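Here is my note on the model. Please keep the sequence and the 3D view open as you read.

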Amino acid sequence: MQTYDLFAPTTDAERLDLYARMRAEPGLCRIEPFGAWAAARYDDVRAIQKDSQHFSSEALAVTAEPPWLGPNPVAQSLVTRDPPRHTQLRALVNRAFGTSGMARMEAQVRHEAETLAEAAVRQREVDFVDALSFVLPRNVIGRMLGLEPSTFTEFKRWSVNMGLITSAVPEQHQGIRDTVKEMETYLGDVIAARRRQPGDDMVSDLLRAEVEGRQLTDAEVLSFLFLLLPAGMETTAQLIGNAAILLARFPEQLEHARADKAHIPRFVEEVLRYESPTQFAFRIAVTDVELSGTKVPAGSFVMGLVGSANRDERVFEQPDRFLPGRDKGTQHLAFGHGIHFCLGAQLARMEARLALEALVPRIRAVKLRSPDIQWLPGLTIHGPQTLPVELTPA
């Protein structure tokens, strides 16, 4: 059995070629640098995400606390829990991220998106990440949590460093350790302040919430915040950034969106499939288990390659073409599947839609100022680290 090195590709084309070769394998693959089994085909990735009895999310707790890092509150969050504890914890935040919660937020998000888009188009030449794609979700999640706006500028560094944990090289270790300490101190102070004086924000809501008659401890609330702060920014930021890249590469899509606003949600779904912001899903085999003819021993790390699954030719016709509105276009796995389906999926879709609804009518073209995209470091999150563009006003 061949072992594949996920760090080997240096370009998008090489990454997609690696995924295609792995999908052609008869069963699961072995991969480095994680020493794990990997599923590259759609059906296998979905099975791993759905089957919590055989593939536990506790793998995320292990990968979140490598020996060089030490304790990390993310390891105690709901994404590392299986039922029944996961069910109890998720119920606490479902209301905030549900349909009614999103409806209450839409006007606020639309106003923020309009303000940022207007400023970006007025400047014409901007780093799209700093002008819109990261700033919009950063401001939204910061206000949802009731955090001090003067600290928002730190969130990008925190988010990037937390996303690097599973693939960090030694020279990055100290910066990540410093980030965890900074976040613990800052968010711990926020929790203490809300205990003294509750407000109209999600931190106060979490402190008031009860699970089977028991309130959450400060440590449990901290684990939520460690999860929600980066997660509330990263997936959406990369979704919006990748959308801008694809508007530049496929200018006819901008024309379709300008002509018909209803094209924008279809466009967003195809961005999620074609350039998935989240590339991997980690699990650990609870028992000896067989998947696609491969016997996986209990205790093994198993990785679902979401970016590969969303290009699986068995499910998506002409998967390497960018085709908004395609058949099965909403069946991608960019937000996961099963009990760990992304809590913020509705929020991410709404923010991306409103960002594009604000931007598209204001421009006639998006031009990349460099043909080479500077992608975020690491393997898990896929999107631009910086994105210099020229926006031609309408």
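1. A term to start with. A crossing is left-handed if the near helix is turned anticlockwise from the far one by less than a right angle, and right-handed if clockwise. Helix 7 passes helix 11 in a right-handed crossing. Helices here are DSSP runs (H or I, at least four residues), strands are E runs of at least two, and both are numbered from the N terminus.

2. Ground rules. The model is predicted, so local features need pLDDT of at least 70, side-chain atom pairs count only at pLDDT 80 or more, and totals for chains, interfaces and linings use all residues. Residues are numbered from 1 along each chain as its sequence is written, and side-chain values use heavy atoms, with hydrogens and water left out.

3. The helix pair. Helix 7 covers residues 135-144 and helix 11 covers residues 218-249. They pack at an angle of about 155°, with axes 8 Å apart. Axes are lines fitted to C-alpha atoms, for helices over the stretch in contact; angles run from 0 to 180 degrees between N-to-C directions. The two helices are therefore roughly antiparallel (an angle over 145 degrees).

4. Who touches whom? Contact means heavy atoms within 4.5 Å. Helix 7 brings Leu136, Pro137, Arg138 and Ile141. Helix 11 brings residues including Leu228, Gly232, Met233 and Ile240. By class, this contact has eight nonpolar, two polar and one charged residues. Ala, Val, Leu, Ile, Met, Phe, Trp, Tyr, Cys and Pro count as nonpolar, Asp, Glu, Lys and Arg as charged, and the others, Gly among them, as polar.

5. Helix 2. Which residues of helix 2 are buried? They are Tyr42, Asp44, Val45, Ile48 and Gln49. Buried means under 20% relative accessible area, exposed over 50%, partly exposed in between (1.4 Å probe, protein chains only). These buried residues pack against several elements, among them strand 3 (36-39), strand 8 (280-285) and helix 14 (306-309).

6. Salt bridges. The rule asks for a side-chain nitrogen of Lys or Arg within 4 Å of a carboxyl oxygen of Asp or Glu. The count comes to 27. Arg21 and Asp17 lie four residues apart, about one turn of the helix.

7. Another bridge. Glu118 forms a salt bridge with Arg122 at 3.9 Å between the closest N and O atoms. Both lie in helix 5. Glu118 is partly exposed at 34% relative accessibility, whereas Arg122 is exposed at 60%.

How values were computed
Angles under 35 degrees count as roughly parallel, over 145 as roughly antiparallel, 65 to 115 as roughly perpendicular and the rest as oblique.
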